[in-house]
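Hello,

Here is the structure for your files. My notes follow below it.

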Amino acid sequence: MALKVAIVGLPNVGKSTLFNALTETAAAQAANYPFCTIEPNVGDVAVPEPRLDALARIAASKEIIPARINFVDVAGLVRGASKGEGLGNQFLANIRDTDAVVFVARCFADDDVSHVEGRIDPISDLDIIETELMLADLESLEKRVSNLEKRAKGGDKDSATTLRLVKLALAALEAGRPARTASAPADDEKAWRMLQLLTSKPALYVANVDEDSAQTGNALSALVVERAVKDGAKAVIISAKIESEIALLDAGERAEFLETLGLTEPGLNKLIREAYALLGLQTYFTAGPKEARAWTIPVGATAPQAAGVIHTDFEKGFIRAETIAFDDYVRLNGEAGARDAGKLRAEGKDYVVRDGDVMNFRFNV
């Protein structure tokens, strides 16, 4: 699954620094002036998964292949972006092609790093970004109404469905709420996604704090967390500056550095996991001498659907899935031990895969 998450925010809030740390490169230019990033940078990032190491050790796997997720560093938005300010239309278009949005809010003071609005106010930052995305969605939807009405009157059922969803989204936006707050019927999920609304995408807030606040946050990050709770979203507290330093260290040095900061893991690990969960995803595993691998599937996926992620033939010719819960696999030292203990299950087409299942598929082409 090619998953993309946009990183958005005002200029100089730490987006590119965060992106650089995520990708462990300096691919995104981090500079103290607006629009230093014009073309979107895309980084392919491994989803942190400590369970893979245990599986690889037991199965004597030669290779470990984690699940992956793409992060897109979108150039800084400014007030008026929906009307083209600061190359806004170009930047907004870069967000449409993503599955979720990470909103980065500046929660640190630094006289050497200017703020495009001239003050440090993370809630105002979030409001500006969301307002610009909402205005862009409003303009996009309003342009479609007339044509959809004509087609719907002519008996076009698809246009009638789209028109109904457009009006549903417009009602939310005109009330000052993002489109994600509208309750689109489950049966219309695909048509709803086809609207390509910026504010219908799941959202995650990142409070970018100073180095001293990386462990517990500060008064500004507390406001972002409060806003996330109000919006039914999640918030992650991160010091992008620290994360960029951690990214340059080897594994041994990272552990020592984290310990000195009082941190148990890089904040980026939590950010990646939260982004993964935000998209309603979970992981199942395959393990053998060749490789131990994590596979990405939606929560609620059936065994045949999980098999189809590996290859469409696996889904078409699905017979059964030999399944072991991760904890059983580790406790019983692999497939043979699980089989002997009666913990290897033969699951059929209706089985709903659980996070952490270790699976082997039987199929007939």
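**Strands 8 and 9**

Strand 8 and strand 9 (residues 291–298) run antiparallel and are joined by 7 bridges. Strands are DSSP runs of E, at least two residues, and helices are runs of H or I, at least four residues, numbered from the N terminus. Two strands count as paired if DSSP finds at least two bridges between them. This pair forms a hairpin, with 3 residues between the strands. L281 has P298 of strand 9 as its bridge partner. Strand 8 (residues 281–287) is largely enclosed by the rest of the structure, because 6 of its 7 residues are buried. Buried means under 20% relative accessible area (1.4 Å probe, protein chains only).

The model is predicted: local features need pLDDT of at least 70, side-chain atom pairs count only at pLDDT 80 or more, and totals for chains, interfaces and linings use all residues. Residues are numbered from 1 along each chain as its sequence is written, and side-chain values use heavy atoms, with hydrogens and water left out.

**Whole chain**

The chain has 14 helices and 12 strands. Of its 365 residues, 47% are buried. It exposes about 17600 Å² (Shrake-Rupley, 1.4 Å probe). Carbon and sulfur atoms supply 50% of that area.

**Cores**

A nonpolar core is a set of buried Ala, Val, Leu, Ile, Met, Phe, Trp, Tyr and Cys residues joined through side-chain atoms within 4.5 Å. The largest one has 66 residues. L18, I69, F71, I95, F103 and L271 have the most contacts inside it. Strand 5 (residues 100–107) gives this core its largest share, 7 residues. A second, separate core has 17 residues, including W192 and L197.

Best wishes

Notes
Buried means under 20% relative accessible area, exposed over 50%, partly exposed in between (1.4 Å probe, protein chains only).
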